[in-house]
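User: I'm new to this one and would like to learn how to read it. Can you walk me through a few features?

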Amino acid sequence: MPVAQRDRGNEMPLLVQCPHCKKLHGPKAKKCESRSGKGCGKNIPSDRKIYYAQWRDPNGRVKQKKIGPYKEAALNFLRKVETAVCEGCYIEDKKKPKVTISKFCEEQYRPWCETYNRGYKTKLGYINVITEEFGSKYLEEIGDQDIDKLRRRMIKERPVMFNRVLATLSHLYTIAIEYGYIDAKPFNTRKKRIKETNRLRYLLPDEATRLLDACTDHLRPVVEVALHTGLRRGELLSLRLGREVNLEERMISLGIETKTKNNEIRYVPLNDTAYNVLRQAAEGKKIGDHIFTWKGKELTSVKRSWASALRAAEVEDFHFHDLRHTFASNLAMQGVDLLVLKELLGHKDIKMTLKYAHLSPDHRAKAVSVLDEVFSQGARNICENSSSICQSSFSSGA
């Protein structure tokens, strides 16, 4: 195959592959057709281009390598090759051994996630979907068409699940690149995710009362502290007396001795309710003991008791994490500044907090009702000023 013409903008020999018939074209090709009339004639979408790098080695032989959907990655690769050729340190690229996705997951990716990923148990489900769908394929064999096929299958039943699987697959390939199994991702994940609707479920006052009354003795203090601090479930169950919980200063400190989700230190003050619940739960415990226990042992899960409480309270479509939404929603509706709320929740980006900005029609109506007083006051001032002017003019005329 002849060497491709250089991209005038970058002076680098690149090729792009037609996603339909796999024919190679110049980097600016928008349709699969050549001057001689060869090609399928179909359009080549910009988000489905697969870039190939092409160069000559020191012996003049044409070399070609598939890079992936990112043009900049192909250009970076070519820069390294040309630099190596110019400096006389060019080394023939040896073919990497092919590895199936299931084998890579078993030998490399699962152990990596188990060691470094805090949410390993959750991620394990996404990994299982990947191995069931693509396990028999080699790492470099997956393309955009394979992702599209999975997307069509999951979009009706589990759209959110698809996004998590796609994010996990993308990370899997990042690790594969770092470990040297492949050079680049063979697919593009930028425009394939399904748009999610933000779920914001929080307890109404009567629901909160019913739920607390339905909780068992060991679950109720956990739920009460969650409602008054906004802590995540893992953060709650890991609270220790004198470590995260300082009853003297009425403060919870997270991220100092244990990891938080964002690996940042966070301080949450205790109101009267949270303080009294924690003080009662800490009775008889010494420094370093876990606050929440069951039968004298550390409480590690509330799954069963939580499900029972929801059924007994007749609270539907509610998850434990929604206690955090309840905390944030009520603060937002009481006019707490969003920046303060961001600090309390430990959000890394204010965009995460903005979903609490507009919560209920009543709250929005209360907000705009302020303008009644503003404009009515302005109207009264105008009338008073006009009246004063009229009286002044009348007095002058007299």
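Predicted model: local features only at pLDDT ≥ 70, side-chain atom pairs only at ≥ 80, totals over all residues.

User: How do strands of a sheet pair in general?

Analyst: They pair through backbone hydrogen bonds, either parallel or antiparallel. Here, E6 and strand E7 (residues 251–254) pair in the antiparallel sense, over two bridges.

User: What is the order of the strands in the open sheet?

Analyst: The order is E6-E7-E8, with antiparallel pairing. Strand E6 (245–246) and strand E8 (266–269) sit at the edges with a single partner strand each, so one side of each has no neighbour in the sheet.

User: Now the largest pocket. How much space lies in it?

Analyst: About 2,200 Å³. It is lined by 47 residues, and the closest to its centre are Gly119, Thr122, Arg232, Lys261 and His321. Helix H5 (159–178) is among the elements giving two or more residues to the lining, and its six residues are the largest share. By type, the lining divides into 11 nonpolar, 16 polar and 20 charged residues.

User: And Cys40: where does it lie, and what does it touch?

Analyst: Cys40 is in the loop between strand E3 (24–25) and strand E4 (50–56). Leaving out residues up to four places away in sequence, Cys40 touches Cys18, His20, Cys21 and Cys32. Its relative accessible area is 33%, so Cys40 counts as partly exposed, since that class lies between 20% and 50%.

Definitions and conventions. Residues numbered from 1 in each chain as written. Heavy atoms only, no water. 1 Å grid on protein atoms, 1.4 Å probe; cavity = no way out; pocket = protein on both sides within 12 Å on 5 of 7 lines; lining within 4 Å. Points joined across faces, edges and corners; volume = space filled by probe spheres on them. Helix = DSSP H or I, 4+ residues; strand = E, 2+ residues; numbered from the N terminus. Nonpolar A, V, L, I, M, F, W, Y, C, P; charged D, E, K, R; others polar. Buried < 20%, exposed > 50% of the residue type's maximum accessible area, 1.4 Å probe, protein only. Contact = heavy atoms within 4.5 Å. Pairing = 2+ DSSP bridges.
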